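Here is a short report on one protein chain. Look at the fold as a whole, then at a few charged side chains.

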Amino acid sequence: MYAKNAAHLKELILANPKELPSGFLRDSSFAAHCFDRHSARYLKSAFHRDPDPEECEQWNITPTEWKENVEMAYMARVATDKM
């Protein structure tokens, strides 16, 4: 099952503590891309700045979707790092 948004990802992580959190990110998503390439520290910083217009265009996502995907990648990275 793939997470639909950050709230859903949190539910999935809490309900499935033995599963890898990244498994709840759709492989072709911007969230999975961010998870695979960035540290928790970078993702936290990215979340607190404005969405990257070039990434939004490249991934064909809105600034709101960019922010949501970065948040999901951050949540998955933190949860994975705690395992």
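Helices (H or I, at least four residues) and strands (E, at least two) are DSSP runs, numbered from the N terminus. This is a predicted model: local features need pLDDT of at least 70, side-chain atom pairs count only at pLDDT 80 or more, and totals for chains, interfaces and linings use all residues. Residues are numbered from 1 along each chain as its sequence is written, and side-chain values use heavy atoms, with hydrogens and water left out.

**The whole chain**

The chain has 5 helices and 0 strands. Along the sequence, the pattern is α-α-α-α-α. The radius of gyration (taken over C-alpha atoms) is 12 Å, close to the 12 Å from the globule rule (2.2 Å times the number of residues to the power 0.38) for 83 residues, so the chain is as compact as a globular protein of that length. The C-alpha trace spans about 35 × 25 × 20 Å along its principal axes.

Buried residues make up 39% of the 83 residues. Buried means under 20% relative accessible area, exposed over 50%, and partly exposed in between (1.4 Å probe, protein chains only). Contact means heavy atoms within 4.5 Å. Among contacts between residues at least 6 apart in sequence, 59% join residues at least 24 apart.

The contacts below leave out residues up to four places away in sequence.

| Residue | Helix | Contacts |
|---|---|---|
| H8 | α1 (residues 6-15) | M1, Y2 and A3 |
| E55 | α4 (residues 53-59) | F30, N60, I61 and W66 |

H8 counts as buried because its relative accessibility is 14%. E55 is buried too, yet has no salt bridge. The nearest side chain of opposite charge to E55 is R49, 5.8 Å away. Lys and Arg count as positive and Asp and Glu as negative; His and the chain ends are not counted. A salt bridge is a side-chain nitrogen of Lys or Arg within 4 Å of a carboxyl oxygen of Asp or Glu.

**The salt bridge**

Side chains of opposite charge can pair when their charged atoms come close. How many salt bridges does a search of the whole structure find? The search finds 1. R77 forms a salt bridge with D81, and their closest N and O atoms are 3.5 Å apart. Both residues lie in helix α5 (residues 63-82). R77 and D81 are 4 residues apart, about one turn of the helix. Why does R77 count as buried? R77 counts as buried because its relative accessibility is 16%.
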